Amino acid sequence: MTDAAPIRVLLVDDQALVRLGFRMVLDAEPDLSVVGEAADGVAAVRLAVETRPDVILMDVRMPNLDGIEATRRIVAANPAARIIILTTFDLDEYAFGGLRAGASGFLLKDARPAELTSAIRAVAAGDAAVSGRVTRSMLELFADRLPASAPVGAPVVDPTAALTPREREILLAIAQGLSNGEIGEKFYLTESTVKTHVGRVLAKLHLRDRVHAVIFAYDHGLVDR
């Protein structure tokens, strides 16, 4: 039995000391490997192509090209890219912008090493690096920046038409910030069954992860703002 290949991580931050701190934490983990460092968004976009990392830790405030636009360009070029936004405040407009641009979550720069490594592993596995509850709080804070409702008289299209009734219930529960365990309790389902439903919801709606399921629900007026 061979060991799995380490998760390849690209570090993006304009402060060398910050990058050094992250590298020291990641180098201590046998299943994580730093494949490159970038000091601005321009270099991040280039290195994302050159190194093909599994996960990118992306600062938002950088010279030349900020992390939000860098995230947008990287995801446009490679939809499978997994990006974690690094921010100073947990309800930061920049973090929200990063999620809208395609990031799979965000982390505080002063997160504990265990939080950092857990987030990287979660995102590499296709999950989100931020709880649904916190994501919902962010969306509520910046709800006025979401697209407006369809004009009166416009054709009404059900964005969840591909979902079964149970899957739609699961989507709404995700949007309400419930964890898999809480969803299971609400609908009397095992956690493994909930995970299966969540996976089907994401696949049918072509969503990257739970974060974008919440954004989808808000964008389409499925939950109250």
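1. Thr51 is found in helix 2, residues 41–51 (helices are DSSP runs of H or I of at least four residues, strands of E of at least two, numbered from the N terminus).

2. A word on the source: this is a predicted model, where local features need pLDDT of at least 70 and side-chain atom pairs count only at pLDDT 80 or more, while totals for chains, interfaces and linings use all residues. Residues are numbered from 1 along each chain as its sequence is written, and side-chain values use heavy atoms, with hydrogens and water left out.

3. Back to Thr51: its relative accessible area is 14%, so it is buried (under 20%, with a 1.4 Å probe and protein chains only). A polar atom of the Thr51 side chain lies 2.7 Å from the backbone oxygen of Leu47.

4. Next, a helix pair. Helix 1 (residues 16–27) and helix 5 (residues 113–124) have axes that come within 10 Å and cross at roughly 75 degrees, which means that helix 1 is roughly perpendicular to helix 5 (65 to 115 degrees). Helix 1 contributes Phe22, Val25 and Leu26 to the contact, and helix 5 contributes Pro113, Leu116, Thr117 and Ile120.

5. For the whole protein, there are 10 helices and five strands. Of its 225 residues, 47% count as buried. Among contacts with a separation of 6 or more, 68% join residues 24 or more positions apart.

Terms used: Axes fitted to C-alpha atoms, helices over the stretch in contact; angles between N-to-C directions. Parallel < 35°, antiparallel > 145°, perpendicular 65-115°, else oblique. Contact = heavy atoms within 4.5 Å. Buried < 20%, exposed > 50% of the residue type's maximum accessible area, 1.4 Å probe, protein only. Polar contact = N/O pair within 3.5 Å; in protein donor to acceptor, adjacent residues only side chain to side chain.
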